[in-house]
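Please look over the protein shown below; the report that follows goes from the whole chain to single elements and residues.

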Amino acid sequence: MLFLPERTFLNMVMTLDGKITTRDGSGPKFASQADQERMMQLRSEADAIIIGARTAIDDNPTFDLPEKYRRSRKNDLASNPIKAVISGRGSIPPTLKMFNSNDSQAVVFTTDQINSDQYNSLHKVADVHMVGKLEVDFTQIAKILVKEYNVKQLLIEGGGQVNFAAFQADIVDEVFLTLSPKIAGGNIQTIVEGTGFDFNNLIELELLNHQKVSSEIFLHYRVVKNR
């Protein structure tokens, strides 16, 4: 497709029963040091990182790269990736760390449902784009990142609703998945949420690489296109 990133890749860690958080909302805590290192390496390859509002609020990441990963970035990349968040109503606080952590651009993608007060408060700390009436249009998001921010490498870090929207828009090229040797149980968010796909529209993946570190499994897939 025209005006889409050259590469859009998704990185997630999940328990063996497919959960990306826990009942008490402590998702990032079950990731190992090896998984953290892998995440930083993938972030260092990205022009921009995009997450959902719930992930932004619960995890409150800074997206600051450690010095060794900043040094490893290509010369044409800024020291830290662009930080983007999706929020249908713009209901995220402007005090989040991603808006105040480093000098890389922060971007909010929302819909026409955002009220003027929230728009004004977010506009003070980020560029704000309205990309839909009731739901965000992920294809439009990708095009804006390419045309206005020159994003060639886009990293998606969830949560499940954002991942579903990206797969539904058919823009995901690669999936990096860490299997954590833990069980969370319960009605807890999985790697992909949304309304789901019919059998004939399931997303097909091809395994490119796998690695075992202690009891964790690191998987790298290519998304099979033209299904």
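What percentage of the 227 residues in the protein do buried residues make up? Buried residues make up 49% of the 227, where buried means under 20% relative accessible area, exposed means over 50%, and partly exposed lies in between, with a 1.4 Å probe and protein chains only. The model is a predicted one, in which local features need pLDDT of at least 70 and side-chain atom pairs count only at pLDDT 80 or more, while totals for chains, interfaces and linings use all residues. Residues are numbered from 1 along each chain as its sequence is written, and side-chain values use heavy atoms, with hydrogens and water left out.

**The whole protein**

The secondary structure comes to seven helices and nine strands; helices (H or I, at least four residues) and strands (E, at least two) are DSSP runs numbered from the N terminus. The radius of gyration is 17 Å, close to the 17 Å that the globule rule gives for 227 residues, so the protein is as compact as a globular protein of that length. That radius is taken over C-alpha atoms, and the rule is 2.2 Å times the number of residues to the power 0.38. Among contacts between residues at least 6 apart in sequence, 67% join residues at least 24 apart, a contact being heavy atoms within 4.5 Å.

Helix H7, residues 160-168, is mostly covered, with seven of its nine residues buried; among them are Val-162, Phe-164 and Phe-167. Further on, strand E8 (residues 205-213) and strand E9 (residues 216-223) pair in the antiparallel sense over eight bridges, where two strands pair if DSSP finds at least two bridges between them. Within this pairing, Leu-207 has Tyr-221 of E9 as its bridge partner, and two residues lie between the strands of the hairpin.

| Residue | Place | Phi |

**The loop residue Ser-91**

Where does Ser-91 lie, and which residues does Ser-91 touch? Ser-91 lies in the loop between strand E3 (82-86) and helix H4 (97-100), and, not counting residues up to four places away in sequence, Ser-91 touches Ile-57 and Gln-118. Ser-91 and Thr-110 are 19 residues apart in sequence and 9.2 Å apart in space, C-alpha to C-alpha.
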